[in-house]
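Work through the exercises below with the sequence and the 3D structure open. Try each task before reading its solution.

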Amino acid sequence: MAEGRREQPPHPPLCLPPASKRPCLRPAPRGPGPGPGPGHGLTNFRHRSPEPLLDCAAKAVAEKWAFERVEERFERIPEPVQRRIVYWSFPRNEKEICMYSSFQCRVAEDGPSTASGGAGGAGSGPTSAAGGGGTATGTAATVGTTGAVGTGDALPFRRGIRLLETGCVENVLQVGFHLSGTVTEPATSSEPEVTHKVAISFDRCKITSVTCGCGNRDIFYCAHVVALSLYRIRKPEQVKLRLPISETLFQMNRDQLQKLVQYLITAHHTEVLPTAQKLADEILSSNSEINQVHGAPDPTAGASIDDDNCWHLDEEQVREQVKQFLSQGGYYGSGKQLNSMFAKVREMLRMRDSNGARMLTLITEQFMADPRLSLWRQQGTGMTDKCRQLWDELGALWVCVVLNPHCKSEEKSSWLKQLKKWSDMDVCPLEDGNYGSELPNITNALPQSNLGQDSLSRPRRTVFSRAVEACNLHWQGSHLQRIISSDYYMSPSYQRDEESLLFNPQGLPLWLDHVPTACARVDALRSHGYSREALRLAVAIINTLRLLQQREMDIYKHQKKELLQRGVTTTTNLEGWVGHPLDPIGCLFTTLTETCRVDDDSSMDTGDGEPRRPVYHHVPVWGSHDTGESYLTLALEVTLMGMGQQRIMPEGLYAQDKVCRNEEQIVAKLQELELDDVLVQTLRKQAIQLLEAGPFSGLGEVIHRESVPMHTFAKYLFSALLPHDADLAYKVALRAMRLPVLESSAGSGDVGHPHHGISIVPSRYPRWFTLGHLESQQCELASTMLTAAKGDMLRLRTVLEAIQKNIHSSSLIFKLAQDAFKIATPADSPPDITLLNVALELGLQVMRMTLSTLNWRRREMVRWLVTCATEVGLRALVSILQSWYTLFTPTEATSIVAATVMSHNTILRLSLDYPQREELASCARTLALQCAMKDPQNCALSALTLCEKDHIAFETAYQIVIDAASTGMTYSQLFTIARYMEHRGYPLRSFKLASLAMTHLNLAYNQDTHPAINDVLWACALSHSLGKNELAAIIPLVVKSVHCATVLSDILRRCTMTAPGLAGIPGRRNSGKLMSTDKAPLRQLLDATISAYINTTHSRLTHISPRHYGEFIEFLSKARETFLLAQDGHIQFAQFVDNLKQIYKGKKKLMMLVRERFG
């Protein structure tokens, strides 16, 4: 016993969840001798030696069979065989660990690392077994220490690598199908060193459960689990390997077993003792449940036959994280995280991991439980664009899942049941975002759909409707099977002259299906790792589209004359491929370009750094007889076909916005292609075909009024073709400039789209919610052409005509004019006069368009036009001055245009000589006089200012003012002009205008803050300074117009302080004497002032309150001062006060104050 105590107890094992245990009924007998060690085969592989047959067999068994099945199948399993099966049962591929420990994991190789056939059992898919080779690492891409994993150092996978490479993983032990070890987190400045115990259970090359002492709560494995897993993959020879514990126990006798149990209890008596005693009691009881079961559980013996063979996924954490992201609304971060989860689902599907569908189900359940759905439905409001995009991706993923070519029928039935349940819920979002869609069923081609039915009777289509319909699709057709299983499937040569629905005239197979549905099949194949099969089907679809395009062109040639005469067309493409929920064009492009992508050495990217621009190279089409044809040319060709398809604008804001957004996404992908000669040739060929394809192309000669515009697409074509074929580039772009929906009316015979039949009746235009965006894209296309045509007068003229014909927004034309001006006047080189003239013409068009409409940018536009005309030169300025009435209002012409033209800066800018300055000034004066005649109220002052230097013109302008003064001009306008005249040295003319202004004025008794008071005081001061006669002439006007006592008293006071005639008018004599208030003209003014005070006093006393008593006494004091200016003023004032006392004797307090102040 003493010796036993000196022995160190074994390392305490980690507890595993019950799901990891299965009864071990009978341990297998030991084999005749020791088998190869854990590292066996590694050295041989490094020396390129053949892999032992034992390892080959053990790898296959370890990957495909549960160990319980092996035990049941064979009565005796030699220990070396057991060891190799257990050894090879651990996952061998680092990218699988990476997939479960980070959101992103881009792998260089295609498809999962499992042997498989083609779709539906007939394919020739990837043939490499998992792990490959004969080692634990196999051909799996190993993430190195530098740059292989991107920049996400904080991600679990990256941290796990760092822990592994810094020697933090220790005590690694593999017992059967259970791996354990310790991982030490190094100390930091804020945290001490911590050691975590990690346990991993695995089965058939999949991790089935993980436990870590760090308590990590996340969807993905923590860094410690990653570190231990990678240790086992990279250093298998350093891992102690033992058979399942039941095998070891079988080898012990009774004493050894008792010793083991007692040591185990001693090492963990606080945790294990109660459980051990309970188990002992049950075993000793003959009737206990534990004695009714044969054998005992062994957590290290692997999974049972009935257990699902899938990677460990924390379902609760998936639910929690999705719920948390959804609760954060439309914030950028949460949307990005949810998209990353969708990408993770696609990654799992590609690896043919059953957790893909499982994880998608968990995500969908949380989406359907989002409380905002019912809120949006109750309020009748649509969800945000970010949410809509997430729901669209969810629906598309389910289509991929149910189209899995190798899924079992019971799986598909289960998914169908669940999808129908979700789809039938009231809160389930609809496919078009707002109301029922008319889009055809996924399994039917367009002509078979009943598009004429009333909108109220249409079936309700949700985001899951396409997935439900996809459940009816199958992969059993012999033609489809042959397409996806062989690169060389062709029709016999003797049958190629016959009309066939299965092959084109060259004998290549066709796939005649609803195009989005066919592309959904391609996406499903690619998503589930059948890349080769997806490529084959994609090529068949492209061959079909080529044939259809050619037939459509042949049909158009026979109808061309009739269609051009009518000028209108119908379209059969009611369902566009761009913006479609299944994104058929994007799917084909991605599928075809993936195989052409040149990846760097790093095969995994778990970081969150900036994505690098992809690099592509040509990969010949397998089985193709055309040596110049590659998957890259096919990708470009089919994308151009789809983008150029003429299609009707769908209904609803979201559907229309989706069309625009998807178009921009596809163009962004096209721009990633570096165009070589082969791609340019494809581009030219397809562009020509689109131009000649008639009503089947959005770039055909005649299109439907509600056809989706091609501006964004044409801008790409123009930029791509310009360096190689400028004529074709301009032809495409000019053809695409049209926007027929904005034309005044549809031509006779235009067949209205049934979607829009209702909306056309009450409105001139259908409900295009994205019209503003479409017009801006039209403007961008025009701006691109203007920039490229700089210096080419003929092309500029053609582009200008297209702009003037097709762009209907003044703001956009103004933007184009500004762009052209900016391009034409670079800072470091002389201006381009041809482009400047285009800018000027566009500016003139804007002026005409906005002349009679309200536009808040009008003043900016007018100023810019003058600047542009100045850059063009003298003749342009003269032209706009002479034709001002078609471009500007009179106010704009005088206050902005003529004033700017006549400014000193303009003269200097143009370096004009004297005759040129005179010509410009003459035009400006003529404009000023014309504007003054047309709008004297607003233009008279500007006209006088512009005509100052020409006596005749100035006199004419003055006479216009005089003539208009009695009719249409206000006192404020006349006072302003009168002050201007005084300032220019015309006091008598100023007096005349001031007198005319006084006749239009009326100041009431209580308007002592009226804005015209200063003008009245100024006019009286002007009259006083001119002389007695002028003062005598204006005082009657003042008396008639002004009834405010304080203003009159102020005028009276000013007139009595100085002698009149101080202006010193030549030929007039100044007496130098002060004027008396007892004589005319001041006597009249004094009487009027006293009368005004009396009237005002009575008016104020009618509704006076006690708080205004003090103010009223001060007012009476001022009145007394005015009364005293008269000879008997004190008597008049005394009588006035007595009258007040008598009349208002009821206001005792006020009258007492009056008596105290005035007696």
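**Exercise 1. Which residues do ring pairs link into a cluster with W398 and W422?**

Solution. 
- The model is predicted.
- Start with the cluster: ring pairs link F342, F367, W391, W398, W422 and F464.
- The count for the structure comes to 20 aromatic pairs.
- Stacked needs planes under 30 degrees apart, edge-to-face needs over 60, and the rest are tilted.
- Now place the two rings. W398 sits in helix α16 (residues 385–402), and W422 sits in helix α17 (residues 409–424). The pair therefore ties together parts that are 24 residues apart in sequence.
- Check burial. The cut-off for buried is under 20% relative accessible area. W398 is at 1%, so W398 is buried. W422 is at 4%, so W422 is buried too.

**Exercise 2. Classify the ring pair of F1123 and F1136, and say which helices hold the two residues.**

Solution. 
- The ring centres are 5.7 Å apart and the planes meet at 10°. The pair is therefore stacked, as the angle is under 30 degrees.
- F1123 belongs to helix α46 (residues 1109–1123). F1136 belongs to helix α47 (residues 1129–1143).
- The pair ties together parts that are 13 residues apart in sequence.
- Both F1123 and F1136 are buried.

**Exercise 3. Describe the lining of the second largest cavity.**

Solution. 
- The count comes to nine cavities of 30 Å³ or more.
- The second largest cavity has a volume of about 210 Å³.
- Its lining holds 19 residues. D487, L508, P509, V539 and W622 are the closest to the centre.
- Sort the lining by class: eleven residues are nonpolar, four are polar and four are charged.
- Helix α21 (residues 531–566) gives the largest share of the lining, with five residues.

**Exercise 4. Is helix α8 mostly covered or mostly uncovered, and what is its span?**

Solution. 
- Helix α8 covers residues 223–234, twelve residues in total.
- From first C-alpha to last, α8 reaches 16 Å. That is close to the 16 Å expected at 1.5 Å a residue.
- α8 is mostly covered, with eleven of its twelve residues buried.
- Among the buried residues of α8 are H224, R232 and Y231.

**Exercise 5. Which residues other than glycine have a positive phi, C205 and R352 among them, and where do these two lie?**

Solution. 
- C205 is not a glycine, yet its phi is positive, about 65°. C205 lies in the loop between β4 (194–203) and β5 (206–212). Its relative accessible area is 7%, so C205 is buried.
- R352 also has a positive phi, near 55°. R352 is found in the loop between α13 (332–350) and α14 (355–368).

**Exercise 6. How many disulfides does the structure hold?**

Solution. 
- A disulfide is a covalent bond between the sulfur atoms of two cysteines.
- The test is a pair of cysteine sulfur atoms within 2.5 Å.
- The structure holds zero disulfides.
- C168 is buried, at a relative accessible area of 8%.

Conventions:
Residues are numbered from 1 along each chain as its sequence is written. This is a predicted model: local features need pLDDT of at least 70, side-chain atom pairs count only at pLDDT 80 or more; totals for chains, interfaces and linings use all residues. Side-chain values use heavy atoms; hydrogens and water are left out. On a 1 Å grid over the protein atoms alone, a cavity is a set of points where a 1.4 Å probe fits but cannot get out, and a pocket is an open set with protein on both sides within 12 Å along at least five of seven lines; lining residues have an atom within 4 Å of a point. Grid points are joined across faces, edges and corners, and a volume is the space filled by probe spheres set on the points. Helices (H or I, at least four residues) and strands (E, at least two) are DSSP runs, numbered from the N terminus. Ala, Val, Leu, Ile, Met, Phe, Trp, Tyr, Cys and Pro count as nonpolar, Asp, Glu, Lys and Arg as charged, and the others, Gly among them, as polar. The expected span of a helix is 1.5 Å times one less than its number of residues. Buried means under 20% relative accessible area, exposed over 50%, partly exposed in between (1.4 Å probe, protein chains only). Rings of Phe, Tyr and Trp (its six-membered ring) pair if their centres lie within 6.5 Å; planes under 30 degrees apart count as stacked, over 60 as edge-to-face and the rest as tilted.
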